[in-house]
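These are my notes from going through one model, entry by entry. I began with the overall dimensions and ended with single residues.

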There are 2 protein chains.
Amino acid sequence: MRGHQVTIKDIAKMLHISPSTVSRALKDHPDINPQTKKNVQDLAKQMNYKPNKVALSLLQQESKIIGVIIPEIIHHFFSTVISGIEKVANDAGYHIIICQSNESYLKEVENVQALLSSNIDGFIISMAKTTTRFEHFKNIEEVGVPVVFFDRPCEEIKADRVIVEDYNGAYNATMHLIENKCKNIVHFAGPQNLAIGIDRRNGFLDALKEKRYPIHDYTIQYCDTFKHAQHLIPELLLVHPEIDGVFAVNDETAVGAMIAIKKLNKQIPSDIAVAGFTNSFISYMTDPELTTVDQKGYEMGQSAAQLLLNRMQSYDDFEPVTKTLNTELIIRKSSVRI
Amino acid sequence: MRGHQVTIKDIAKMLHISPSTVSRALKDHPDINPQTKKNVQDLAKQMNYKPNKVALSLLQQESKIIGVIIPEIIHHFFSTVISGIEKVANDAGYHIIICQSNESYLKEVENVQALLSSNIDGFIISMAKTTTRFEHFKNIEEVGVPVVFFDRPCEEIKADRVIVEDYNGAYNATMHLIENKCKNIVHFAGPQNLAIGIDRRNGFLDALKEKRYPIHDYTIQYCDTFKHAQHLIPELLLVHPEIDGVFAVNDETAVGAMIAIKKLNKQIPSDIAVAGFTNSFISYMTDPELTTVDQKGYEMGQSAAQLLLNRMQSYDDFEPVTKTLNTELIIRKSSVRI
DNA sequence: AGGGTTGTTTCAAACGTTTGCAACAAATAG
DNA sequence: CTATTTGTTGCAAACGTTTGAAACAACCCT
């Protein structure tokens with residue numbers, strides 16, 4: 001038969017006193033007789049009493065839980081962010097509950113609803129690729145639960161956010177490819193309904209413009225997964241063998257491109273130089289190692305959690321804060337031509 | 001000012017009826033006047049009423065939440081398992097709350113306590129490397145919450161478990177190296193307080209024994225991380241240049257070894273063949289691609305969740321079930337000598 | 001008219017905890 | 001010897017929801 005956690009009532013019954021006395025004894029309330037206090041505390045310890053968080057949550061209207069909604073946990077970047085969030089949250093006495101949207105709008109809505117009705121104290125969210133309607137976020141706003149967006153913010157919602165300098169990161173990576181004598185660089189871009197997709201693309205384009213590089217119809221390719229890059233590279237190089245540089249919106253895509261390029265017996269970086277974005281741990285496991293833009297996942301998670309904790313202190317008609325982490329170009333062998 | 005979710009009481013007040021009537025109206029109870037029902041349902045919809053899960057959880061002593069405790073989310077294997085768990089759990093109307101132990105015993109204990117006092121309906125756990133005491137698991141047993149272990153079970157606890165054929169997987173991988181003419185294979189082994197560490201080591205050793213290969217004092221190296229492997233390889237090959245095969249307890253370690261081997265200007269697989277364990281996605285991003293044993297993360301997660309759901313149905317003095325998934329040797333270029 | 005049925009609604013308790021206030025005894029003050 | 005203080009404990013309400021039982025009116029049956 002299923003037992004249950006020891007409750008204050010159990011202790012009260014065993015000592016023939018009232019639950020309120022037990023409650024006060026446990027928190028060292030001055031009104032309670034020292035002997036009673038000792039009895040209660042000893043018994044509580046012996047029986048391994050732990051306060052029921054659900055009851056507390058209902059009573060105090062706060063759960064000490066932060067809801068985190070991310071696209072996919074299997075991406076190294078997101079699991080890094082989660083680690084950062086968890087660190088800061090735990091240190092402040094909070095736990096996190098993680099939900100995946102799997103890049104699906106419907107799943108994201110479902111997750112928001114589920115978390116809202118679980119008395120969550122705050123949200124940390126990175127939007128799904130496919131999300132183009134925002135009622136569910138508005139709903140959070142109405143209920144008055146603080147939200148922090150990271151990496152993929154929702155522009156329609158008044159909320160704090162943490163992002164990286166996507167534009168600068170992309171600009172720097174592209175400049176680096178240009179300095180390494182790439183004449184014909186293509187960009188594997190992310191979806192343009194996300195700011196990261198737009199900003200990285202613009203950083204790339206502006207670097208080309210600054211150096212008066214021509215922009216062809218094939219310069220921007222919408223391709224942001226490992227598999228797609230593997231298929232796209234052979235097709236692309238067949239038509240445009242002059243391509244000698246690839247800058248991808250994320251590391252997986254860059255690695256997919258690298259593998260496909262090597263299969264065509266082209267050398268990296270001498271024939272084609274490659275750079276990615278994220279600095280995922282795969283970037284130093286490839287051969288050659290991948291040049292990439294460090295997206296600071298762990299720090300991003302920490303900042304997001306910190307912003308949320310701050311916002312939970314003072315929520316009344318606030319001015320949203322945007323924290324922008326600076327990126328760092330990590331130069332490795334996939335792009336350096338001697 | 002922070003608002004709040006609409007409650008049954010709010011609706012009751014607005015319609016000048018009692019909360020119980022509202023409750024019944026919402027669930028289409030036959031006792032309720034059709035007109036009242038309609039009023040309630042319309043207003044509830046309009047005000048976007050969602051039942052408060054915390055209140056339900058307290059009342060019904062079930063939360064529809066499954067607690068998942070894993071060592072580290074950033075490992076691809078674990079995030080794959082989580083995806084499998086989430087799929088099955090969500091389909092059954094459950095949500096999961098994920099906690100990381102970071103391979104720390106203390107953090108694991110803390111997580112168990114926190115989840116226990118949150119009215120969790122069940123646990124899915126993979127033990128931390130450093131866990132050698134089990135009171136916290138015993139505690140779960142006492143309270144009567146069902147547990148399923150995966151990948152790294154606790155031998156002292158009566159609980160269902162999902163594991164892979166670690167022994168067979170290791171045996172097959174080792175045999176494969178032998179068939180590819182490796183004469184001097186070392187094993188980078190995991191910690192021996194975990195069954196996976198023991199079983200994979202034994203599978204390796206038994207394959208050697210069967211082929212009457214000598215077992216030297218350096219044949220087993222305790223090394224199970226990327227970094228450690230990178231440091232260990234140069235030291236090891238300096239003393240034992242005759243080594244021509246490495247079988248690592250996981251893919252990260254295998255990749256660490258590969259990179260270090262390549263740095264020494266040795267060829268893989270011709271000088272040294274390498275095999276790993278997990279079939280993480282990094283295994284096909286390396287050059288050469290890594291031969292490995294598929295650990296079936298997603299399926300493992302699904303099975304674990306399914307076992308837990310079953311056990312939640314019938315918990316009374318059960319006989320624990322162990323589900324063993326068969327492994328599959330994925331042969332890639334890092335081990336095939338022509 | 002008394003009893004019973006039917007339809008509809010409300011009451012009250014329960015889940016575990018906290019906390020303002022009331023209650024009570026004993027001790028002290030006036 | 002009453003009045004107040006002090007020390008200690010218990011009551012009851014609250015958080016949001018469900019649910020058995022009670023309540024009540026309106027109706028029908030004998």
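This is a predicted model: local features need pLDDT of at least 70, side-chain atom pairs count only at pLDDT 80 or more; totals for chains, interfaces and linings use all residues.

Entry 1: I counted the secondary structure of chain A and got 12 helices and 12 strands. I then looked up the radius of gyration: chain A has 26 Å, whereas a compact globule of 338 residues would have a value near 20 Å. The box filled by the C-alpha atoms of chain A, taken along the principal axes, is roughly 85 × 40 × 35 Å.

**Entry 2: burial, contacts and surface of chain A.** How much of chain A counts as buried? I found 57% of its 338 residues in that class. For contacts in chain A between residues at least 6 apart in sequence, I recorded that 73% join residues at least 24 apart. The accessible surface of chain A is about 14600 Å², and carbon and sulfur atoms account for 52% of that area.

**Entry 3: nonpolar cores.** The largest nonpolar core has 92 residues, and I asked which of them touch the most other members. They are A:Ile124, A:Phe150, B:Ile124 and B:Phe150. Apart from this core I found another, of 54 residues, which includes A:Leu236, A:Ile261, A:Ile268 and B:Ala229. I went back to A:Phe150 and listed what it touches beyond four places in sequence: A:Ile70, A:Phe77, A:Phe78, A:Val81, A:Ile124, A:Ile125, A:Ser126, A:Val162, A:Met300 and A:Ala304.

**Entry 4: helix α12 of chain B.** I checked the length of α12, residues 297–313 of chain B. Its 17 residues reach 25 Å from first C-alpha to last, close to the 24 Å expected at 1.5 Å a residue. The buried residues of α12(B) are B:Gly297, B:Met300, B:Gly301, B:Ser303, B:Ala304, B:Ala305, B:Leu307, B:Leu308, B:Leu309 and B:Arg311. I looked for what covers them and noted, among others, the helix α5 (76–91) and the strands β1 (65–70), β3 (122–125), β4 (147–150), β5 (160–164) and β11 (322–325), in chain B.

**Entry 5: A:His95.** I located A:His95 in strand β2 of chain A, residues 95–100. Is this residue buried or exposed? Its relative accessibility is 18%, and the cut-off for buried is under 20%, so A:His95 counts as buried. Its contacts, leaving aside neighbours within four places in sequence, include A:Lys53, A:Lys64, A:Ile65, A:Ile66 and A:Asn90 in chain A.

**Entry 6: backbone exceptions.** Most residues other than glycine have a negative phi, and most peptide bonds are trans, so I searched for departures from both. Phi of A:Asp28 is positive, near 60°, and this residue is in the loop between α2 (19–26) and α3 (34–46) of chain A. A:Glu103 also has a positive phi, of about 60°. I placed A:Glu103 in the loop between β2 and α6 (105–116) of chain A. With a relative accessible area of 12%, A:Glu103 is buried.

For peptide bonds, I found the one from A:Ile268 to A:Pro269 to be cis, with omega near 5°. A:Pro269 is in the loop between α11 (251–263) and β9 (273–278) of chain A. In chain B, the bond from B:Asp287 to B:Pro288 is cis, with omega near -5°. I located B:Pro288 in the loop between β9 (273–278) and β10 (291–294) of chain B.

Methods:
Residues are numbered from 1 along each chain as its sequence is written. Chains are lettered from A and ligands numbered from 1 in the order in which they are written. Side-chain values use heavy atoms; hydrogens and water are left out. Helices (H or I, at least four residues) and strands (E, at least two) are DSSP runs, numbered from the N terminus. Buried means under 20% relative accessible area, exposed over 50%, partly exposed in between (1.4 Å probe, protein chains only). Contact means heavy atoms within 4.5 Å. The expected span of a helix is 1.5 Å times one less than its number of residues. A nonpolar core is a set of buried Ala, Val, Leu, Ile, Met, Phe, Trp, Tyr and Cys residues joined through side-chain atoms within 4.5 Å. The radius of gyration is taken over C-alpha atoms; the globule rule is 2.2 Å times the number of residues to the power 0.38. Accessible areas come from the Shrake-Rupley method with a 1.4 Å probe; for residues, only the protein chains shown count as cover.
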